[in-house]
Amino acid sequence: MNINFRFAIVSDLHIGLPHTIWDHPSRFHLVEVSIPAFESVLEHLTQLDLDFLLIPGDLTQHGEPENHAWLQTRLSQLPFPVYVVPGNHDVPVLKANEQSIAFADFPHYYRKFGYENPEQSYYNCQLLPGVRLIGLNSNSFDEQGQQVGRLDSEQLRWLEAELAKVGDELVLVMIHHNVVEHLPNQSDHPMANRYMLQNAPELLGLLRQYGVRLVFTGHLHVQDVACADGIYDITTGSLVSYPHPYRVLEFQRDHLDREWLQIVSHRVESVPDFPNLQQSSREWMGDRSFPFLIKLLTLPPLNLPLAQAKQLAPDLKDFWATIADGDGVLDYPEFPLEVRHYIQKYGAITQDSHPHLIDNNSKLLIRNS
């Protein structure tokens, strides 16, 4: 059956009403632009003929009740359906404290946005005839009460039962943590593994078994499209972090039963207090990059001496901004060969070092009959 629809993705909104914003001198993202940037995006999206909007987590700065309430009200005013899942910032604690809602409170805020059963932190709903969305919760808490990115066994059993019932419907999956690696050795790197779902292989195995090919994630704050054994993980950068992106996507299943996904990415160029948001945000990120770069260079696999890392780090000032931008090319010919080759791996290249520019604007063949 032919299926055609258009939808948008806006991720990691980090909504913060002005009086809830707390400062941190090293943060890469501009929570100050969260509301005006989101309003700018909505102004554009409401002019399009969208079937729905997906928001893959980190809806709020840090799970503040006021910020969840503001967003819930704003989303209810939109002319198209919206579906959300929680990010680590939305449910940072198991039990409510003076700053954040309790983990179990999240679905109650978003009953109109996927959570028809607010007693459950994940859901399966029909988007359109023949099209279904499964929204997963990737936030768990260990025995010490620390938050981890993982699907618990109960949710995995539920997911398998739901997938077994789907039949020939198209299934989209939305989850906050990445399930396919977007960075070199992301699952094991000490700085990057927290952005991966800890039991991603188990989830991917289930999705392959039932023919699910499209997963939409956030959390990493970069524009990237990654694929593992036919499953695409399309992660969208944060609205409060350079390059302040969002996506408009069109899915098509043609008469030959081929499935295509066209991706067009947009970015917020300005908001009232940041008239040149792209430039000022990139500079903001670069100015705060030094401690991050020192970690990257001195930790495995490079293990550079601190003195050498301090020498190289200034030349890498725009390293993370280039990755966040998507489709980046990273090459530093003057660097030591080992470091040069390692940094190159973070660019938009295939395993055999050929350019592969699909992160922002592309048309993907998801299934070939």
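Student: At what angle do helix H1 and helix H2 pack, and how far apart are their axes?
Tutor: This is a predicted model, in which local features need pLDDT of at least 70, side-chain atom pairs count only at pLDDT 80 or more, and totals for chains, interfaces and linings use all residues. Residues are numbered from 1 along each chain as its sequence is written, and side-chain values use heavy atoms, with hydrogens and water left out. Helix H1 (residues 34–45) and helix H2 (residues 65–75) pack at about 15°, and their axes are 13 Å apart. Helices (H or I, at least four residues) and strands (E, at least two) are DSSP runs numbered from the N terminus. Axes are lines fitted to C-alpha atoms, for helices over the stretch in contact, and angles run from 0 to 180 degrees between N-to-C directions.

Student: Why is H1 called roughly parallel to H2?
Tutor: Angles under 35 degrees count as roughly parallel, over 145 as roughly antiparallel, 65 to 115 as roughly perpendicular and the rest as oblique. The angle here is about 15°, and that makes H1 roughly parallel to H2.

Student: Which residues of H1 and H2 meet, and what is the contact made of by class?
Tutor: Ile35, Phe38, Glu39 and Leu42 of H1 meet Trp70, Leu71, Arg74 and Leu75 of H2, where contact means heavy atoms within 4.5 Å. By class there are six nonpolar residues, no polar ones and two charged ones. Ala, Val, Leu, Ile, Met, Phe, Trp, Tyr, Cys and Pro count as nonpolar, Asp, Glu, Lys and Arg as charged, and the others, Gly among them, as polar.

Student: What makes H4 roughly parallel to H5?
Tutor: Helix H4 (residues 153–165) and helix H5 (residues 200–209) pack at an angle of about 10°, with axes 10 Å apart. That angle makes H4 roughly parallel to H5. Leu156, Leu159, Glu160 and Leu163 in H4 meet Glu202, Leu203, Leu206, Leu207 and Gln209 in H5. The residues of this contact divide into six nonpolar, one polar and two charged.

Student: How do you know that the chain is as compact as a globular protein of its length?
Tutor: The chain has ten helices and 14 strands. Its radius of gyration is 20 Å, close to the 21 Å that the globule rule gives for 369 residues, so the chain is as compact as a globular protein of that length. The radius is taken over C-alpha atoms, and the rule is 2.2 Å times the number of residues to the power 0.38. Buried residues make up 56% of the 369 residues.

Student: Why does Asp58 count as buried?
Tutor: Buried means under 20% relative accessible area, exposed over 50%, and partly exposed in between (1.4 Å probe, protein chains only). Asp58 has 2% relative accessibility and therefore counts as buried. Asp58 lies in the loop between strand E2 (52–55) and H2. Leaving aside neighbours within four places in sequence, its contacts include Asp12, His14, Asn88, His176 and His219.

Student: Which peptide bonds are described as cis?
Tutor: The bond from Tyr242 to Pro243 is cis, with omega near 5°, and Pro243 is in the loop between strand E11 (231–235) and strand E12 (245–253). A cis bond also joins Pro300 and Pro301, with omega about 5°. Pro301 is in the loop between helix H7 (290–298) and helix H8 (306–312).

Student: Why is Gly286 called buried?
Tutor: Gly286 has a relative accessible area of 7%, and is therefore buried. Gly286 is in helix H6. The buried residues of H6 (residues 277–287) are Leu277, Gln278, Ser281, Trp284, Met285 and Gly286. What covers them includes strand E13 (259–267) and helix H9 (319–325).
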